[in-house]
Amino acid sequence: MSPSFNDSSCPFCGVSAQTTKISHGDRDVFLCSNSECGDSEISRTAMKRIKDSFDIRSEYQGKVKLCKADNKVLEITVSSNNELQSACIERR
Ligand SMILES: [Zn+2]
């Protein structure tokens, strides 16, 4: 079954994005329509922190652009020592 996308807004820039849940709902994928931004894949625990912090959002907005330049997606998760971690990953 292919993922079904819903309309939402990008957690980084607030512009409209298509979103879908993956990994049994533990992660959200955002396909941002803003050409100055990019696509991301964010775990549910990481999303809570991103929503709570303007600084974190601005930090990752820079990173999401770097990933996009490589045609990749910014993945943000929470590591086992409870730190936010990010990486550019291949598109699914
Ligand atoms: Zn965006």
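The mean pLDDT of the protein chain is 93.

**Glycine 38**
- Glycine 38 is buried because 27 C-beta neighbours lie inside 10 Å, and the cut-off for buried is 20 or more.
- Leaving aside neighbours within four places in sequence, glycine 38 is in contact with Cys32, Val64, Lys65, Cys67, Lys68 and Leu74.
- Between glycine 38 and lysine 72 there are 8.8 Å from C-alpha to C-alpha, although the two are 34 residues apart in sequence.

**Nonpolar core**
- The largest nonpolar core is made of 15 residues, and Cys10, Val64 and Leu74 have the most contacts inside it.
- At least two residues of this core come from each of β3 (27-32), α2 (54-69) and β5 (73-78).
- Valine 64 is in contact with Phe12, Cys37, Gly38, Ser40 and Leu74, when its neighbours within four places in sequence are left aside.

**Strand pairing**
- β3 pairs with β4 in the antiparallel sense, over 4 bridges.
- Valine 29 stands opposite glutamate 41 of β4.
- β4 and β5 run parallel and are joined by 3 bridges.
- Isoleucine 42 has isoleucine 76, in β5, as its bridge partner.

**Confidence**
- In the protein chain, 97% of residues reach a pLDDT of 70 or more.
- Confidence is highest in β5, at a mean of 98, and lowest in strand β1 (residues 6-9), at 90.
- Where pLDDT is low, predicted coordinates should not be read in detail.

How values were computed
Residues are numbered from 1 along each chain as its sequence is written. This is a predicted model: local features need pLDDT of at least 70, side-chain atom pairs count only at pLDDT 80 or more; totals for chains, interfaces and linings use all residues. A nonpolar core is a set of buried Ala, Val, Leu, Ile, Met, Phe, Trp, Tyr and Cys residues joined through C-beta atoms within 7 Å. A residue is buried if 20 or more other C-beta atoms lie within 10 Å of its own, exposed if 12 or fewer, and partly exposed in between; C-beta atoms are placed from the backbone. Two residues are in contact if their C-beta atoms, placed from the backbone, lie within 7 Å. pLDDT is the predictor's confidence in each residue, from 0 to 100. Two strands pair if DSSP finds at least two bridges between them.
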